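Subject: Structure for you to look at

Hello,

Here is the structure I said I would pass on. Please open it first and then read the notes below it.

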Amino acid sequence: MAKTPETEHPIKSYGYGACDTSGTFAPLNFSRRATGDKDVRFKVLYCGICHTDVHFARNEWGVTTYPVVPGHEIVGIVTEVGSKVEKFKVGETVGVGCLVGSCRSCQSCDNNLEQYCSKMILTYAFPYYDGTMTRGGYSDHMVTDEHFVLHWPENLPLDSGAPLLCAGVTTYSPLKHYGLDKPGTKLGIVGLGGLGHIAVKMGKAFGAEVTVFSTTEAKRQEALEGLKADHFIVSKDSEQMQAVTGTFDGILDTVSANHPILPFLNVLKPDGKLILVGVPEKPHELPAFPLIMGRKIVGGSNIGGLKETQEMLEFSAKNGITADIELIPIDYVNTAVDRMLKSDVRYRFVIDVANSLKTP
Ligand code: NAP
Ligand code: ZN
Ligand code: ZN
């Protein structure tokens, strides 16, 4: 039987977790490990709600062990550091994203690509080295190995900056890696949600010409005026899609639900790239002809490594990139999830953990 934090760990913790596939969140008592030599303990201030939290809470990817305490867009303030911690001090503002462990010795880890380490450990619902399951930021405090803790840039807001820790790096990293960060790049962003709206801001900061592909006509004006996207296309409108056939260098698909990808292959130029970061429940259909006829590429990308996440935070601070958020108390989380699933949030819910989670 898997060890539980309750039997292995001495420090009481409190948060919100889901206990079955309904994904309903309720208050939960659990515990965390004592601060190890290389650990940073911090009080959680803010935590974004990523769609991945819902995939996990409802076991949509078939990998969840309950109870799950999600949250991987976490900003907090350091309360204790282990004796061998070199990079952080008590009182410092820090961030933790999607990763809390990796082997630190494979080729991916050596290349600062911890997210591709075969032994990487996610921030929640993943077995940790001591056999317990990791638990995330919908909670009062966290304890994390310092390698996986980020310095928070001074002029970056804490609440609206929190979503950068997942949504920010998940969009920054592929745009860089696939060479879609060049001025003048014709870039499409599919799905204007938490990831999508930050992708628009990243793309604009790189100097790309950004088109939003959305299913929600009501987002048109906000996308063009608020987010400064250059164009807005309703992806279900075949006439609008037809009009841009063969015109894009790259498309970043952030959609969380099953949807056809053929229309997005059709709007790519020859040698164009369709990059998937959204993870729907069921596999995509991938026809060969549209790829062959134009030497097109379909790729994927997983979050970002620690070095790149730190770089992305600095880039965002410098370029004024934050998420558009709705700040909520933690007991609103179930309503927030229902609203997110209806695309009824502009564009990320962030939980005001420190001010709304009252330890009993
Ligand atoms: P989100 O805020 O819910 O945004 C998803 C957007 O997808 C929605 O706002 C909506 O945009 C669009 N959409 C939803 N249902 C759709 C449908 N049936 N057909 C077409 N479009 C639809 O979610 P998120 O937090 O941005 O996360 C998006 C996905 O990325 C999730 O699957 C998440 O697990 C995944 N993710 C992956 C990584 C990674 O490292 N690869 C990291 C984080 C998250 P419109 O209203 O504009 O159509
Ligand atoms: Zn996420
Ligand atoms: Zn490794």
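**Helix 5 and its surroundings**

The buried residues of helix 5 pack against helix 6, strand 13, strand 14, helix 11 (306–319) and strand 17 (348–352). Helices (H or I, at least four residues) and strands (E, at least two) are DSSP runs, numbered from the N terminus. A residue is buried if 20 or more other C-beta atoms lie within 10 Å of its own, exposed if 12 or fewer, and partly exposed in between, with C-beta atoms placed from the backbone. Among the buried ones are Val169, Tyr172 and Leu175. Just after helix 5, glycine 179 has a positive phi of about 70°.

**How to read the model**

This is a predicted model, in which local features need pLDDT of at least 70 and side-chain atom pairs count only at pLDDT 80 or more, while totals for chains, interfaces and linings use all residues. Residues are numbered from 1 along each chain as its sequence is written, and chains are lettered from A and ligands numbered from 1 in the order in which they are written.

**Domains**

The protein is divided into domain 1 (5–166 + 323–356) and domain 2 (167–300); these bounds come from an automatic or database domain assignment. Taken over C-alpha atoms, the domain centres are 28 Å apart. In all, 15 residues of domain 1 are in contact with 14 residues of domain 2, where contact means that the C-beta atoms, placed from the backbone, lie within 7 Å.

Two strands pair if DSSP finds at least two bridges between them.

Strand 10 (residues 186–190) runs parallel to strand 13 (residues 248–253), and 4 bridges join them. Strand 13 is in turn joined by 5 bridges to strand 14 (residues 268–276), also in parallel. Strand 14 and strand 15 pair in the parallel sense over 4 bridges. Leucine 274 in strand 14 stands opposite isoleucine 251, and its bridge partner in strand 15 is valine 298.

Which residue in strand 13 is the bridge partner of isoleucine 189? The partner is leucine 252. Leaving aside neighbours within four places in sequence, the contacts of isoleucine 189 include Gly196, Val212 and Thr254. Ile189 is also one of the residues that touch the most other members of the largest nonpolar core, which has 101 residues. Such a core is a set of buried Ala, Val, Leu, Ile, Met, Phe, Trp, Tyr and Cys residues joined through C-beta atoms within 7 Å. Domain 1 and domain 2 both give residues to this core, so it lies between them.

**Aspartate 140**

Aspartate 140 is in the loop between strand 7 (121–122) and strand 8 (141–145). Aspartate 140 counts as partly exposed because it has 18 C-beta neighbours inside 10 Å.

Regards

Methods: Contact = placed C-beta atoms within 7 Å.
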